[in-house]
Amino acid sequence: MDRRSFLTAIGTPPPVSAAKAHYRVADRTNTSLKEYSGPWTETEISHLLKRTMFGSTKTDIKYFKNKTMIQAVDELLAPASPLPAPPVKDYDTTGVTTPDTNIAAGTTWVNDTNNDGTIQSRRRAAFKKWWMGLLINQDRSIREKMTLFLHNHFSTETNDVGNAQYIFKHHAMLRANALGNFKTITRQVAIDPAMLVYLNGQYNTATAPDENFGRELQELFCCGKGPDSLYTEADVKAAAKVLTGWRNNATLISSFFDSTKHDTGNKQFSAFYGNTVITGKTGATAGDLELDALINMIFSANEVAKYICRRIYRWFVYYDIDVAVENNVIQPLADIFRKNNYEIKPVLNALLKSEHFYDAFNQGCLIKSPLDLVIGFCRELNIQFPASADYVNNYGLWNGLLSFASNMQQNLGDPPDISGWKAYYQSPQFYEIWINSDTLPKRNQFTDQLTLSGYTFGGKKIQVDSVAIANTVSDPSDPNILLDEIIALMFRMPLSSAVKSQIKKDILLGGQVTDNYWTTAWIDYNANPNNTANATIVKNRLRDLFKYLMNLAEYQLS
Amino acid sequence: MKRRQFVKDTLASGVVLPGILGGFSVRAFSEDAAFVKALMAPSTDNDHVLVLIQLTGGNDGLNTVIPLEVYSNYVNARTNIAIPENKVLTLAGTKKLGLHPAMTGLQSLFNEGKATIVESVGYPSPSFSHFRATDIWMSASDSSQVVDSGWAGRYLNYEYPNFPNGYPNSTMTDPLAIQIGSITSLTLQGPAVSMGMSISNTSNFYNFLNGSTGPAPATPAGKELSYIREIAQQTQQYATVIKDAAGKVTQQIVYPSGNTLGDQLKIVARLIKGGLHTRVYMVTFGSFDTHAQQANAADTSTGTHAVLLQKVSDAIKAFQDDLKFLGVEDRVVGMTFSEFGRRIKSNASGGTDHGAAAPLFVFGKQVLPGVIGNAPPLPANATVNDNLPFQYDFRSVYATLLENWLCVPNKDLQTIMLKNFQTLPLVNTAACKTVNPNNSGDNLISNYPNPFTTSTTISFTTAGGHTLIQVIDMTGRVISNLVDREYTPGKYKVTFNGGTLPTGVYYARLQNMSVQQVRAMIKVQ
């Protein structure tokens, strides 16, 4: 069947028994990694952008319209901007026992050691605000989506780690490797100070082994819990022994190997790892040598590439991996992953250029995460923040947005636990976990507030500028064009003509039936924008339109 | 495939409830719960309901209520559409006016003493723009002024000052206001948040009762869309109380078919009888924008406008009869309004252009029946620019209904209406038991003294983190950012000095991360 024609026909499928429609198992698809050769229109560009970035802005869509699909994916996979400057001191030190007064306001604290609990807490907060700012100001690349993927995959919680410098260092490592080598990242994570705190690796010694990291390394980071993931409890214990002896130095903000705490015996692994024995080593280099051996052994297991590719698939495409997807997409991706020695980019390259990725069945089915919603909202509706030099107010506003997303159950920097956010692993609900009786109204509340009254910090308000958005439409004076283009900006699926005409009449025409009433109102406003009455007419209708559309279920899909 | 049917059904995107904010973790209690009933008792003694019927497009008042007293001037002004005198429906107790022949339903309500006509309702310097005039009617502003909240929204903010924080709760389990339509209109907009919920259309209401989410494509996107719609229905905070209320009413009288106003009012009657404590319902019907061919040339008592008026009249009659049948007639008063009337002189296309003042209807068992005002003074030779002068300010109608029906104490009317307006003899005041604001929910901001002359102290509660207190005027302009910084959780006070401000209504707005609350403050001399 022609998948594309299915998507465009979304408004007119055969009527189904409405009450039970959603219990149907949705049809899936047999498309593969074969390179996509279909049309390259705003539909496909928007799909690519929404999945690889946070929201698809009109500017980005326009930019990629002049490129081919191949060029677009190549560009998204090659971030042009340098790694960002580190988070700065946006906090005051009132009431702090050991203030970091040597750090000037607005300069970074990441190289300054300070063990004061209050200072650490304010730095953690600054780190999170800073990250939110990076998400909002992302460049035209996949970097932020991949960094967040790695944060979800190698999950840590800032509240548990505590030391803000460790947290930043850990984050900077993930960010720098966002399109790098997965095996390298895993090795770095294993002795990363933040992870050594988070999973107690720093207390893992020959006399008192702590299996926490050794377990998650296999269960969550590399092998997963799929039917072919057959590592054993003995493997968990053996891995823990390999990793004994790693410690943190809170002054140097780095980990180090203490050979006196290391288990020097041989470590026997199961048949899942080919009955590998990692020979016990001694001395200062033992930790690195055994860790290398452990990582090499794990990544030689066939399952690892499949598991990581499934995780990537669920992040970028859809959560339902049926037999066809496993055979046509996951296994070939895993082959690419292995063949390229676990470089991430070739996998993303194959996936994002595939006919499977652009398959109509895979469009519009991803429920936005809270960050997708909040950041996408800011970017697609071009929310204006203060000038970048005004870090105090920007940090304050980013913090407000963080708290909105956090209320919707995605707290950046603090996933619920080591497994990351449930939406990406908890079967059978997956993404649907994001939407419940508590969070859906909060999503609506967020879009309502940012549309209606805005969010104010330091006298600076962020709010939807409805007239500015309308002005990006090809002909905002025509209510039909206005509605169509705004819907295309916000939704991944069309609304039926009946719904559209009801919205047009109820909102843009104020109950009238003649399009000209909107046209006149728009022209009158533009002829004299300082006339409050004319401006209010236009602004209130647009405000109501945006608010209404963002309250529809369609807005939650990406 | 029945394409038309499908297209119709795609409207069913669930009961869409934009504008309900806060308190989402609180599940609505079933009002059957005994403890809820016990708790409910002290909240308010007033169980009155106000139903607002918006006739969109600008109803031609002169052809709705025909000024028999000046009939010859009326015919002169609009020969091509004038209703023949012998067809005008007579009204008991008056010879000055009569109704359009299509309005037999309203005629019988009037003659039963259940309807009042207020003549020539308008306001100074009327606007002839649909949008602007609608905003004026909904916000109850002066013509020269832009107010960004609605009059009924301000009333609800007065009676339920803490909404939406801590709502629904045991003393107000139900929506404060319900509108049938895609959006909650400006009428129901409070100073910060919308005070109403909307049911996007009548068929969505029945889908909601049936647990249907409407059709979706058989794709993964369709599966997720249905899932989200289902959650939207189930977990919208008032789903339980609305379903319970609707479920209690198994029999209603027959409403006229093919009448969308009747369809809407039928739902309103059902929810009132079902026991919702919702104060205000709003329904809309149109379009009355009859620029051309509003009446058939061969018989001017028929045609587009006649059909519209008949639907309005039939729907209101059925609604009133249903309220009687359901035994809730004493609790309900309704009113019609339209953004303007139409020009005295008809145009050459057999229609009427945008005008000014027009009559409106107030109906219900508790209305004081009759006609308020005189037949409009029509010039003998009306010219194209002649308009009806207003006899009553529309805000007098609102103020009267607020004071005499929704039982707001006179001293507090200005908080809602922004100015003082005359009271009209519209409803039986004996039915009123004075209400006090319902302080349920989470009170996060208040001020004392209120009203104030020079300064007032604002007390607020923050849950910690960034906290903002703004003073905003009734046009939405920020007068002052009084507080804008990080706080530890607790109660705080700040003084607002407003000595140099003009007298009037101001709002103190609290924004604490994702929570907001607004309190009205009155500055007096």
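Q: Two strands pair if DSSP finds at least two bridges between them. In this predicted model, how many bridges pair S6(B) with strand S8 of chain B?
A: Strand S8 of chain B covers residues 280–286. S6(B) and S8(B) pair in the parallel sense. At least two bridges are needed for a pair, and the number found here is 3.

Q: Which residue of S7(B) is the bridge partner of B:Ile178?
A: Strand S7 of chain B spans residues 196–199. S7(B) runs parallel to S6(B), and 4 bridges join them. The partner of B:Ile178 in S7(B) is B:Met197.

Q: Are B:Ile178 and B:Ile180 in S6(B) buried or exposed?
A: A residue needs 20 or more other C-beta atoms within 10 Å of its own to count as buried. Strand S6 of chain B, residues 177–180, is covered on both faces. B:Ala177 and B:Gln179 are on one side, and they are buried.

Q: How many residues of domain 2 of chain B are in contact with domain 1 of chain B?
A: Chain B is divided into domain 1 (3–431) and domain 2 (445–523). Their C-alpha centres lie 33 Å apart. Domain 1 of chain B brings 15 residues to the contact. From domain 2 of chain B, the number is 14.

Q: On the side of domain 1 of chain B that touches domain 2 of chain B, how many residues are charged?
A: Helix H6 (151–159) and helix H13 (413–417) of chain B each supply at least two residues of this side. Its residues include 7 nonpolar and 7 polar. The number of charged residues is 1.

Q: How many residues does the largest nonpolar core have?
A: Nonpolar side chains tend to be buried together in soluble globular proteins. Among the residues with the most contacts inside this core are A:Cys309 and B:Val397. B:Val397 touches several residues beyond four places away in sequence, including B:Val118, B:Met335 and B:Leu426. The core's residue count is 313.

Q: What is the radius of gyration of chain A?
A: Chain A has 25 helices and 6 strands. The globule rule gives 24 Å for its 558 residues. The value for chain A is close to that, so chain A is as compact as a globular protein of that length. Its radius of gyration is 26 Å.

Q: What percentage of the residues in chain A are buried?
A: The C-alpha atoms of chain A fill a box of roughly 85 × 65 × 45 Å along the principal axes. Of the 558 residues in chain A, the buried share is 52%.

How values were computed. Residues numbered from 1 in each chain as written. Chains lettered and ligands numbered in written order. Predicted model: local features only at pLDDT ≥ 70, side-chain atom pairs only at ≥ 80, totals over all residues. Buried ≥ 20, exposed ≤ 12 C-beta atoms within 10 Å, placed from the backbone. Domains from an automatic or database assignment. Contact = placed C-beta atoms within 7 Å. Nonpolar A, V, L, I, M, F, W, Y, C, P; charged D, E, K, R; others polar. Core = buried A, V, L, I, M, F, W, Y, C linked by C-beta atoms within 7 Å. Rg over C-alpha atoms; globule rule 2.2 N^0.38 Å.
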